[in-house]
Structures are given as C-alpha cells and as structure tokens.
Amino acid sequence: MTSVMKTSSQISGLLKQLLTLMYTPAERATDALGYIEAQCTDENFLNLISYMKHTWFGIWQRKDWSQFMITARTNNDMEGWKHDVNNR
C-alpha cells in the first residue's frame with residue numbers, strides 16, 4: 001500500500017470518528033476529540049479539528065449538540081406531516 005493510500009485510509013477512519021462525536025456523552029467529547037487529533041498529522045484534517053474546536057466546542061455547549069442517549073435523532077415525523085400538508 002502506498003503512503004498516499006495509507007494516509008487516505010487513515011483520514012477516512014478519522015473522519016468517521018469525528019462524525020460519531022455527536023453520539024459521545026457530552027462530558028467525554030473533549031477527550032474524544034483530543035484522541036482523534038493525536039492520531040493525525042495531516043494539515044487539512046487538523047484545520048477541520050481546529051474549526052470544530054472553535055464552533056462545536058467553543059461557541060456551542062456540548063449538551064446542545066450531543067445526541068447521546070436521545071432516542072429520536074431524525075425529523076422524519078415532521079417531514080412526513082409536512083409532505084401530507086403540502087399534498088392535500
């Protein structure tokens with residue numbers, strides 16, 4: 001496997017980990033982000049983490065975006081209702 005492919009595969013795995021942060025308990029999210037950050041040296045990926053630190057962790061409170069232990073994670077019920085109203 002070439003170095004580029006290894007890096008691409010690594011970045012893909014780290015992005016998947018970033019996407020799961022919203023399902024991490026709010027009190028553990030900072031540690032989880034630090035763990036992800038420590039695994040990568042790619043400048044673009046580190047810029048993404050910097051953005052996340054500024055917005056997800058800096059502007060908003062973790063409890064506002066954490067989906068840990070929340071049963072309804074979609075708005076499908078509302079979208080279904082809206083569809084019915086619009087098609088009457």
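**Overall picture**

The model is predicted. The chain has five helices and zero strands. Read from the N terminus, its elements run α-α-α-α-α. Of its 88 residues, 20% count as buried. The chain exposes about 6900 Å². Carbon and sulfur atoms supply 55% of that area.

Contacts also say something about the fold. Take those between residues at least 6 apart in sequence. Among them, 63% join residues at least 24 apart.

Is L18 buried or exposed? L18 counts as buried because its relative accessibility is 4%, below the 20% cut-off. L15 has a relative accessible area of 36%, so it is partly exposed. That value lies between the cut-offs of 20% and 50%.

| Residue | Relative accessibility | Class |
|---|---|---|
| L15 | 36% | partly exposed |
| L18 | 4% | buried |
| M69 | 69% | exposed |

What does L18 touch beyond its neighbours within four places in sequence? L18 is in contact with L33, I36, F45, L48 and M52. Take L48 as one of these partners. L18 and L48 are 30 residues apart in sequence. In space, their C-alpha atoms are 9.8 Å apart.

L48 also has a place on the surface. Together with L15 and Y51, L48 forms a nonpolar patch there. The accessible area of the three residues together is about 260 Å².

**Helices α2 and α3**

Two packed helices are described by the angle between their axes and the distance between the axes. Helix α2 spans residues 29-38, and helix α3 spans residues 43-59. They pack at an angle of about 170 degrees. Their axes are 11 Å apart. How do α2 and α3 run, roughly parallel or roughly antiparallel? An angle over 145 degrees counts as roughly antiparallel, so α2 and α3 are roughly antiparallel to each other. On the α2 side, the contact is made by A29, T30, L33, I36 and E37. On the α3 side, it is made by F45, L46, I49, K53 and F57.

**A loop residue**

M69 sits in the loop between α4 (62-65) and α5 (76-86). M69 counts as exposed because its relative accessibility is 69%, over the 50% cut-off. The phi angle of M69 is near 65 degrees. This is a positive value in a residue other than glycine.

Key:
Residues are numbered from 1 along each chain as its sequence is written. This is a predicted model: local features need pLDDT of at least 70, side-chain atom pairs count only at pLDDT 80 or more; totals for chains, interfaces and linings use all residues. Side-chain values use heavy atoms; hydrogens and water are left out. Patches are made of residues with over 30% relative accessible area and no salt bridge: like charges are joined within 9 Å, nonpolar side chains (Val, Leu, Ile, Met, Phe, Trp, Tyr) within 5 Å. Accessible areas come from the Shrake-Rupley method with a 1.4 Å probe; for residues, only the protein chains shown count as cover. A salt bridge is a side-chain nitrogen of Lys or Arg within 4 Å of a carboxyl oxygen of Asp or Glu. Buried means under 20% relative accessible area, exposed over 50%, partly exposed in between (1.4 Å probe, protein chains only). Helices (H or I, at least four residues) and strands (E, at least two) are DSSP runs, numbered from the N terminus. Contact means heavy atoms within 4.5 Å. Axes are lines fitted to C-alpha atoms, for helices over the stretch in contact, and angles run from 0 to 180 degrees between N-to-C directions. Angles under 35 degrees count as roughly parallel, over 145 as roughly antiparallel, 65 to 115 as roughly perpendicular and the rest as oblique.
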